[in-house]
Amino acid sequence: MTGYEEKFSGLGSYVERYRPAIEAALRAHLPLAPAQIESRFNEAVEYALFSGGKRLRPVLTMLGAELVGGNAESVLPAAVAGEYIHTSSLIFDDLPCMDDAEMRRGKTSVHEKFGEGLAVLVAIGFLNASYGLVFVNHANLPERAMLAHAELVECIGAAGMVGGQAVDLALATGAGSSKYAESESVRNLKTSALMRLAIRVGAILAGANPIDLVKLSRFAELLGDAYQLSDDLIDIEEDDAIFTNKTFVGESGREAARVRLAQTIDDAKRILVENFEPGEARSCLIQFADYLGERRS
Ligand code: GRG
């Protein structure tokens, strides 16, 4: 075992333990059309979902539940919702009118393979399927399920992923001012909104109290910032030409960005240590934060 693997072994074995259940649940709730009516759509749904994603968001949901004393398996459908929203956002993001990407996870993007019309429908299908999943296993706890449902609405909407993507579009056309670089949280709304959803939905369904939820929001926001900072650092390592002054790395340089990344990870971990009981979920989430700080791809 290398030092790296050893460092993340708790998280690694957690992911290994739940991976089969996550994959089975992702398949069990697939938004498929009646096969005799439209099989190409169904092919595209499977292609989009089973293409090598790391399933970080379902794992976060399950850890969120366990962190506050709940049961990981009972929030599996909600964990699936997070991955469906993620999948939907990647399909939208790759479209020619957005980021215009021909490849995703080393494979042809959904619209390149199946056409733009079908790609849009598949993305909407995933999004639509996600809304109901927070009620599965929680029909007898309607208050929790309603709160979780509201969380999805907020995550996807103008204050979350849709608004965050609008910021990105403005930056891509040069319209965004460099004020965006001052805060990863603004520039990175679309990523942190989904991190926040993933972890809080698990905690909400497991009965977390409002103070825990506020702490988890801050934790997720910091994770999103860390993800964005490390993404920008990776981009610059791969291609100096995309050094842009509209990111923190672009404006302040690699060294300053690495320091800021380390500080962000420390702040995130401190929230867990100061507010939640020790245990497997807490130490996995600490490793998760470290992983975001150290990832190289
Ligand atoms: C209506 C849901 C919806 C979205 C519309 C297009 C859009 C608004 C938002 C785009 C969001 C986006 C593409 C954010 C970047 C997400 C990100 C951090 C991707 C990489 O996540 P990983 O590393 O990827 O978890 P894998 O491949 O492992 O799943």
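**Close-up views of a predicted model**

**View 1. Buried residues of helix α3 in the predicted model.** Helix α3, spanning residues 39–49, contains the buried residues Phe-41, Asn-42, Ala-44, Val-45, Tyr-47, Ala-48 and Leu-49. These buried residues pack against helix α2, helix α5 (76–94), strand β2 (107–108), helix α6 (110–114) and helix α7 (116–133).

**View 2. The contact of helix α8 with helix α11.** Helix α8 covers residues 142–156 and helix α11 covers residues 189–205; their axes come within 9 Å and cross at roughly 180°. Because angles over 145 degrees count as roughly antiparallel, α8 is described as roughly antiparallel to α11. On the side of α8, the contact is made by Arg-144, Ala-145, Leu-147, Ala-148, Glu-151, Leu-152, Glu-154 and Cys-155. Their counterparts in α11 are Ala-193, Leu-194, Arg-196, Leu-197, Arg-200, Val-201, Ile-204 and Leu-205. By class, the residues of this contact comprise 11 nonpolar and five charged, with no polar residue.

**View 3. The ring pair of Phe-288 and Tyr-291.** The structure contains four aromatic pairs. In the pair formed by Phe-288 and Tyr-291, the ring centres are 6.4 Å apart and the planes stand at 55°, so the pair is classed as tilted. Both residues belong to helix α15 (residues 280–294), where they are three residues apart and therefore separated by about one helical turn. Phe-288 has a relative accessibility of 1% and so counts as buried. Tyr-291 is also buried, with a relative accessible area of 19%, because the cut-off for buried residues is under 20%.

**View 4. Arg-27 over the ring of Phe-50.** The charged end of Arg-27 is placed over the Phe-50 ring, at 4.2 Å from the ring centre.

**View 5. Arg-295 over the face of Tyr-227.** Here Arg-295 lies over the face of the Tyr-227 ring, and the distance to the ring centre is 3.9 Å.

**View 6. Ala-28 in helix α2.** Ala-28 is part of helix α2, which spans residues 9–28. Its relative accessibility is 61%, so Ala-28 counts as exposed. Ala-28 and Phe-114 are separated by 86 residues in sequence, and their C-alpha atoms are 23 Å apart in space.

Definitions and conventions: Residues numbered from 1 in each chain as written. Predicted model: local features only at pLDDT ≥ 70, side-chain atom pairs only at ≥ 80, totals over all residues. Heavy atoms only, no water. Axes fitted to C-alpha atoms, helices over the stretch in contact; angles between N-to-C directions. Helix = DSSP H or I, 4+ residues; strand = E, 2+ residues; numbered from the N terminus. Parallel < 35°, antiparallel > 145°, perpendicular 65-115°, else oblique. Contact = heavy atoms within 4.5 Å. Nonpolar A, V, L, I, M, F, W, Y, C, P; charged D, E, K, R; others polar. Buried < 20%, exposed > 50% of the residue type's maximum accessible area, 1.4 Å probe, protein only. Phe/Tyr/Trp six-rings, centres within 6.5 Å; stacked < 30°, edge-to-face > 60°. Lys NZ or Arg CZ within 6 Å of the ring centre and 35° of its normal.
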